[in-house]
Amino acid sequence: MNAGIRACALRRAYFRFALALAPVPVVLWLLGSGQQLTAALLFCTVLTTMMIGTLMPRCALFGRMIKQLPQACNQVLFTIDDGPHPEHTPAILDILDRHHIKALFFLVGERASQHPHLVREIIARGHEIGNHTQTHPAGTFWILHPTRLWREIADCQETLAALCPNHPPRFFRPPAGHHNLFTALIAQALGLRMMLWSARGFDGVLTDVPTITRRIAQRLKPGAIVLIHEGTPVAVEVAQTVAALLTANRFECEPPASLAFSDDEMVVERRASP
Ligand SMILES: [Zn+2]
C-alpha cells in the first residue's frame, strides 16, 4: 500500500479526532464559569451522538455504507462472517452448492492464513471474499485509534489479496458492525466499501436455530443483505435453514460480482423505505 495514501488517511482521521474533541474546552469553560447545566447538556449531547454513531451498526453518521442492495428486484445477498473455519466452511460450501446460492464470505486475515486452501476453495466455487479485519478484535474494535484500525484492515487486505491475487476484497465489514469516527474513512482509503446488513438472526449469541431463522425471515425482502456466522455451535445448521428459506421464497442469490452497488445507497434505501 502506498505510504502516501496511508499518511493522508491517518492525517484526515486524526484531524477528525481533533474536531471531535473540540467541545471539551467549551465544556471546561462552561464549568469554570458556573454554567454546570449547559456544560452537562453539551457533554451528554456529544457523548450520545458519538456512541450512537459508533455502536449502532446500521447508523451511517460517520460514513457511507451499504446496508441493502440498491436495485428493486428479487435479489438477496447472502453474507457469511468470521471464517474460514476448518469444519464449517466446507460444509457451508456444500450447502450453498446444493441450493445454487452464491455468497460473500467476510474472512478474518489470521484465520485465512491458517487455512489458505479454504479461501481458494471459496473463490473456486464462485463466491466472493470480503475483508473482516486481520485479528477480529470484536470487543475493542469500536475504540481502536486510526493507526491500529489501519493495520487491522490493511493487513487483512494484504493477506487475502496475496492468497487470491485476482480476487482481492472489494468490501469491508467491521467486527460486530461497530465503526467509529475513522473506520469508513480508512476503509475508503484502502479502496474498500463498508457493508453492513439488513437481516440477521443474532446467531453469534443465540443457539436456538428456529428463533435465529425466524428473526432473519422477518427481515427478508428483495434487496436484503443476510448475515450469518461461521464458528458458532449452530453455524452449519443455520446455514442450512437460511439457505432453504431463501430457496423456498425463490430469492435469487447471484455471484456478488454481478450485483450493482450504486454510490447512493442511502438515497436508494430511503426511497425503498417510505
Ligand atoms: Zn465478525
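A crossing of two helices is called right-handed if the near helix is turned clockwise from the far one by less than a right angle, and left-handed if the turn is anticlockwise. In this model, which is predicted, the crossing of helix 4 and helix 10 is right-handed. Helix 4 spans residues 88–98 and helix 10 spans residues 235–248, and the two pack with their axes 9 Å apart at an angle of about 15°. Because angles under 35 degrees count as roughly parallel, helix 4 and helix 10 are described as roughly parallel to each other. On the side of helix 4, the contact is made by His88, Ala91, Ile92, Ile95 and Leu96, which meet Ala235, Val236, Ala239, Gln240 and Ala243 of helix 10. The residues of this contact divide into eight nonpolar and two polar, with no charged residue among them.

The largest nonpolar core has 62 residues, of which Phe78, Ile186, Ile225 and Val226 touch the most other members. Helix 7, residues 146–163, supplies the largest share of this core, seven residues. Beyond its neighbours within four places in sequence, Val226 is in contact with Val76, Leu77, Phe78, Thr79, Trp197, Ala199, Ile216 and Val242.

Arg215 belongs to helix 9, residues 209–219, and is partly exposed because 16 other C-beta atoms lie within 10 Å. Apart from neighbours within four places in sequence, Arg215 is in contact with Gly201 and Phe202.

Conventions: Residues are numbered from 1 along each chain as its sequence is written. This is a predicted model: local features need pLDDT of at least 70, side-chain atom pairs count only at pLDDT 80 or more; totals for chains, interfaces and linings use all residues. Helices (H or I, at least four residues) and strands (E, at least two) are DSSP runs, numbered from the N terminus. A residue is buried if 20 or more other C-beta atoms lie within 10 Å of its own, exposed if 12 or fewer, and partly exposed in between; C-beta atoms are placed from the backbone. Two residues are in contact if their C-beta atoms, placed from the backbone, lie within 7 Å. A nonpolar core is a set of buried Ala, Val, Leu, Ile, Met, Phe, Trp, Tyr and Cys residues joined through C-beta atoms within 7 Å. Axes are lines fitted to C-alpha atoms, for helices over the stretch in contact, and angles run from 0 to 180 degrees between N-to-C directions. Angles under 35 degrees count as roughly parallel, over 145 as roughly antiparallel, 65 to 115 as roughly perpendicular and the rest as oblique. Ala, Val, Leu, Ile, Met, Phe, Trp, Tyr, Cys and Pro count as nonpolar, Asp, Glu, Lys and Arg as charged, and the others, Gly among them, as polar.
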